[in-house]
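Subject: Structure for you to look at

Hello,

Here is the structure I promised to pass on. Please open it first, then read my notes beside it.

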Amino acid sequence: MSLIEIKGLQKSYKSGEDRVLALAEINLKIERGDFVSVMGPSGSGKSTLLTILGGLNHPTQGGVQVDDISLYDLSLEKLADFRREYLGFIFQSFQLIPYLTVIENVMLPLSITGRSNTEQGKMAAEILEKVGLTERRTRLPDQLSGGEQERVAIARAIVNSPPILLADEPTGNLDSKTGGEIMRLFKNLNEEGQTIIMVTHNSENSDFSTRTIFLRDGRLQRREC
Amino acid sequence: MRLKDISINNLRRRKGKVIFLILGLTIGITTVVTLISITRIMNEDISKKLDEFGANILIIPRSDDLALSYGGISFGGVSIDTQSLKASDIPKIRQIEVRESLSTVSPKLIGVTDLEGKRVPLMGVHFDEELKLKKWWKIHGNRPKTREEVLLGNEVAVRLFKSAGETLSINGRPVRIAGVLDETGSQDDFLIFADLALVQEVTKKPDVLSLIEVSALCNTCPIEEIVRQISKQLPNAKVTAIKQTLQTKMETLDHFKTFSLGISIIVLLIGGLIVFTNVMASVNERKREIGIFRAIGFRKSHVVRIIFLEALIVGLIAGVVGYLLGLGISQFVGPIMTGVKGGKWVIDPLLIFGSIFLSGLIGILSSAYPALHASKMDPTVALRSL
């Protein structure tokens, strides 16, 4: 059984009197351990697909199944629980909480899991070591470089060991050298078994993935393995 | 890390806004504490004056004989034995249900004695109770310590050419003048005050009382209720509450209390409004942050708790600061406003906890809508980057 199964997915938005089709008839299966790049021009529906996969955006039609959970049959609160257990988000512009230190940002998803402070601290420290930020643990986000902030965002996304990692333009705000380092980090995570779905404009980034899908005008163009 | 750490860190980051928020609420709490404290100072002052003024309640025998009067109020003639008050009536007064409100119970017997050819009114009292009742008395000499010592009213002393330390003979009983009262401008100037038992003995009226003065603790005194209960205990006595000019002061105080309540409600509403607008603005500023929380799995209730916790912390700080400021202002500004001396600093635990609780409650209530609004935010709208 696939980890993620998307069936007949459709999403349209109301714009004035008209309805704009953002996604149409998407059918897709993503297996455990896949590293999927989602590419396409602006407005092709990449981000909409990612938010629907992330349980943040109800589709107009069709559904998303993760394991045996039908995402959009869940209540909003259960959907929040699902995100906490299953997903790690990496946002385009890092989206760190500015008044929390590096380690506190990483501990953020753990703060609502009932784990003790000691356990949270231990888990966060391990992940920070993995992304090479142990020395920066007590810094605030604005005291870090772009690459370091991105690594904090990755650490926050994986600290809970979620089965799925969703990344939106993870290198969009980074120079090519730092971007390359981040992509290698993604690759390492994937090699350790992490399922990753990444929206990107950059074809170099898609080279790191195991599979690339293209979207145009909300429709799936072709698949590459 | 816990949700409270998120709240505390956010408050620490937004120091300027938080201080403004605390100030807004503090003004409200300060006003309430100041007004309550000033009302209390005024209340205590009136109670003190009522106590100084003397008895609040006068108990006299029920009689048609209006031959004698005391304190501007007529009382029964001592000759009517059937309706006289007795010493045994004192414990009955002490047994009424609202006895905690009773301060002093001072029995008296009035008689007349011949001194050097002059008829002088004599009043038998329990000096301990009487001196407690008449705090304004100034004695030249000493307080009577034994049964054979008396106090002379100022006018009596002048007429008899007597002063403290000299002796007198009351109906053949030699007594020593312990002290002479300063002029009081009342009937006390014309009386000789002697021990009650002595007067009962020399007038041959053992156990008999002419009247009983009762002083109630007027902070809390349900005066009408005390009168009713004493009347029930002493059916043969006429029990009268003395309503003097201080009644007007009590009414003024009641008006001030109503005014204070009105002002407090308005200021607290303004404080609440300041919290509401600030928290609402803060929630809108933090849309992105709330979106992140929701995206990584925070439930609506988690978001509400973060905002409520922030409001509660602000409320509690404002409660403490407001209480301290209010206490300070009431001590320094209160006397100027009321003309009553501030007196000692009163730390009232109920007022401390009341102010902190009220402040916290206003914080929470004013943040309820913004918190709900935040929890309902669509994470995708909040996270525009997605």
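Start with chain B. Chain B has 13 helices and 14 strands. Please keep in mind that this is a predicted model. Chain B is 386 residues long, and 40% of them count as buried. I also looked at contacts in chain B between residues at least 6 apart in sequence. Of these, 81% join residues at least 24 apart.

Now the strands. Find β5 of chain B, residues 102–115. Which strands pair with it? One partner is β13 of chain B, residues 211–216. β5(B) and β13(B) run antiparallel and share six bridges. To see this pairing, look for B:Thr104, which sits opposite B:Ser215 in β13(B).

Another partner is β6 of chain B, residues 118–125. This pairing is antiparallel too, over eight bridges. Here B:Lys108 has B:Val125 in β6(B) as its bridge partner. β5(B) and β6(B) form a hairpin, with two residues between the strands. Look at B:Glu116 in that turn: its phi is positive, at about 50°.

Next, a helix pair in chain A. Two packed helices are described by the angle between their axes and the distance between the axes. Take α5 (residues 146–158) and α6 (residues 176–191) of chain A. Their axes come within 10 Å and cross at roughly 20°. Angles under 35 degrees count as roughly parallel, so α5(A) and α6(A) are roughly parallel to each other. Their crossing is right-handed.

Which residues meet there? From α5(A) come A:Gly146, A:Gly147, A:Glu150, A:Ile154 and A:Ile158. From α6(A) come A:Thr178, A:Glu181, A:Ile182, A:Leu185 and A:Leu189. By class, this contact has five nonpolar, three polar and two charged residues.

Last, the place where the two chains touch. How many residues does each chain give? Chain B gives 24 residues and chain A gives 29. On the chain B side, four helices each supply at least two residues: α1 (3–13), α9 (287–295), α10 (300–332) and α13 (379–382). Which of them gives the most? α1(B) does, with six residues. The chain B side divides into ten nonpolar, six polar and eight charged residues.

Best wishes

How values were computed: Residues numbered from 1 in each chain as written. Chains lettered and ligands numbered in written order. Predicted model: local features only at pLDDT ≥ 70, side-chain atom pairs only at ≥ 80, totals over all residues. Buried ≥ 20, exposed ≤ 12 C-beta atoms within 10 Å, placed from the backbone. Contact = placed C-beta atoms within 7 Å. Pairing = 2+ DSSP bridges. Axes fitted to C-alpha atoms, helices over the stretch in contact; angles between N-to-C directions. Parallel < 35°, antiparallel > 145°, perpendicular 65-115°, else oblique. Left-handed = near helix turned anticlockwise from the far one by under 90°. Nonpolar A, V, L, I, M, F, W, Y, C, P; charged D, E, K, R; others polar.
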